[in-house]
Protein chains: 2
Amino acid sequence: MAFDSIQTPAGKADQVLGGSVNYFSLAASFYAPIKVIGIVGEDFPIAHLEYLTTRNVDVSGVQIVKGKTFHWVGSYDTNMNEAKTLSTALNVFETFDPKLNAAHQDASYVFLANIDPVLQTSVLDQVKSPKLVACDSMNFWITGKPEELKKTLKRVDILSINEGEAFLLSGEKNLNKAATIIRTMGPSIIIIKRGEYGAMLFTPKGTFLASAFPVDFVKDPTGAGDSFAGAFMGYVAEAGLTRDMAQTDPDAFESILRRAVVAGCVMASFTVEDFSIERLKRLEASELVTRQTALMKMITV
Amino acid sequence: MAFDSIQTPAGKADQVLGGSVNYFSLAASFYAPIKVIGIVGEDFPIAHLEYLTTRNVDVSGVQIVKGKTFHWVGSYDTNMNEAKTLSTALNVFETFDPKLNAAHQDASYVFLANIDPVLQTSVLDQVKSPKLVACDSMNFWITGKPEELKKTLKRVDILSINEGEAFLLSGEKNLNKAATIIRTMGPSIIIIKRGEYGAMLFTPKGTFLASAFPVDFVKDPTGAGDSFAGAFMGYVAEAGLTRDMAQTDPDAFESILRRAVVAGCVMASFTVEDFSIERLKRLEASELVTRQTALMKMITV
């Protein structure tokens, strides 16, 4: 959970709600109930946590502690595919030690958002028997804590990262080869996010190329990847996907994953239409269905 | 028709065969017989023209004149999506005045490769009643001869350009809006090529998002767009597409265009696997079919 201050060619937003948890949980909530783990400072609006509750999101795992909430300041130039970090204030994140309650420990579907891989592993240690674990990471951890990240990856079914991160993690500039290398690190499923171009899904069965929905305008790409992941995980949870299905029902396994990636692309396309979580807050399920249908028409030969 | 000298992260090729006509005609020849119009100098290998003849390409429209063949020197850095032009020697192109013989004048399918729009119009003036006209262009003409290019576009059914060119031609940084603006200039069908990401097709019926085939290595992206266009035009010619079908059989019209774009993506994916036209020269029809089938599996949800 974070405050973001963002500048894009379309405008500016100061100290708005951001953070992976916010984007992810709002996106996922269209498909499945969500329990979030996080930390905020005393400056965080309680009203927002209450709002999440109305959206099927259990926020009992959000610690409110003395100090300030994490704050990211970033900007995008004309090429909206890459954010430039201007400053990062970890604030309360510096001492974050995720503690899972009984309900969290029983979680079937676990998404480890982009934090210190040591904390990702610590969360995973506390979950009793997850059916499916996905995780995200970023350049900062790939470079800074490679061994810790590799420990996490060994226990993960799905890794969702962007193109540049895949190159960095694998040491390989070709995406097929990068995915093959990353799969030897643990996750059998790799999702490579490609911004406005969509995403690639690598599974034991093959490759799926998902096109992004072509929006008419991009106000702010922040959170696109997190809301992609939220819709993806919500979709697979709702569909009841488990890692065992890769063996017991490989066709259904593949089909659910592909549909979940499309759901992720559709969700991300809404996120970028406004700053912060504004578009997700006013998103209607009927809009999701309409755009998903439109995207399916656009990718069918 | 040209000589290219190219440097890419994968290597170097000096004074090799290049030019839109070479890539286009070899690609198109898998689908339909081709007649090419062009000009070369006395330094051009006659053996290559003879080779084209064996590949279903009629080269009687290639003028061989005193002087040197067009020569392009370019390089690519790690981002293989954009070429850097180091030098361009127009040579015999400076006085090129395309003259169509009787067979050319009867052509049903016309592709105006990327040359001076004044010459594109002159070619079109000589064709009696084309069923379908497509054209390509580039930044140099969009900036240098905008009015002449607009005259050409008024008489064209299909424009095939890349992302950056679409932005420049339309003055719009969003592809949906760019395509809408360009369609008011004449062509009812716009293909926007996106390098390793694929292509977008805009038709009166809607948008088609085509993913590129993800190759294991890229040696040289030169000619990818031209071979895309060659396979596309060959495919629509073989399928018998005409502009009237947009009204008389809109579903078939749309379906042929979409399949032609996929054929273009498949062809381009071979071209980039080697320097010059080397990969296209040794390409087998069975490889085309195999990769087309593979790509279809990769884009089917």
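## Two crossing helices

In this predicted model, helix 7 and helix 8 of chain A cross in a left-handed way. Helix 7 covers residues 163–170 and helix 8 covers residues 175–183; their axes come within 9 Å and cross at roughly 60°. That angle is why helix 7 of chain A counts as oblique to helix 8 of chain A.

So who's doing the touching? On the helix 7 side of chain A, the contact is made by Glu163(A), Ala166(A), Phe167(A), Leu169(A) and Ser170(A). Helix 8 of chain A answers with Leu175(A), Ala178(A), Ile181(A) and Ile182(A). Sort the residues of this contact by class and you get 7 nonpolar, 1 polar and 1 charged.

## The buried side of helix 6

Now hop back along chain A to helix 6, residues 146–153, where Leu149(A), Thr152(A) and Leu153(A) are buried. These residues sit on the same side of helix 6 of chain A, because they cover an arc of only 100° around the axis.

## Where the chains meet

Chain A and chain B touch too, with 23 residues from chain B and 23 residues from chain A in the contact. On chain B's side, the elements giving two or more residues are helix 8 (175–183), strand 12 (206–211), helix 11 (250–271) and helix 13 (285–299).

Strand 12 of chain B gives the largest share of that side, 5 residues. By class, the chain B side that touches chain A has 11 nonpolar, 6 polar and 6 charged residues.

Methods. Residues are numbered from 1 along each chain as its sequence is written. Chains are lettered from A and ligands numbered from 1 in the order in which they are written. This is a predicted model: local features need pLDDT of at least 70, side-chain atom pairs count only at pLDDT 80 or more; totals for chains, interfaces and linings use all residues. Axes are lines fitted to C-alpha atoms, for helices over the stretch in contact, and angles run from 0 to 180 degrees between N-to-C directions. Helices (H or I, at least four residues) and strands (E, at least two) are DSSP runs, numbered from the N terminus. Angles under 35 degrees count as roughly parallel, over 145 as roughly antiparallel, 65 to 115 as roughly perpendicular and the rest as oblique. A crossing is left-handed if the near helix is turned anticlockwise from the far one by less than a right angle, and right-handed if clockwise. Two residues are in contact if their C-beta atoms, placed from the backbone, lie within 7 Å. Ala, Val, Leu, Ile, Met, Phe, Trp, Tyr, Cys and Pro count as nonpolar, Asp, Glu, Lys and Arg as charged, and the others, Gly among them, as polar. A residue is buried if 20 or more other C-beta atoms lie within 10 Å of its own, exposed if 12 or fewer, and partly exposed in between; C-beta atoms are placed from the backbone. The arc is that of the directions from the helix axis to the C-beta atoms.
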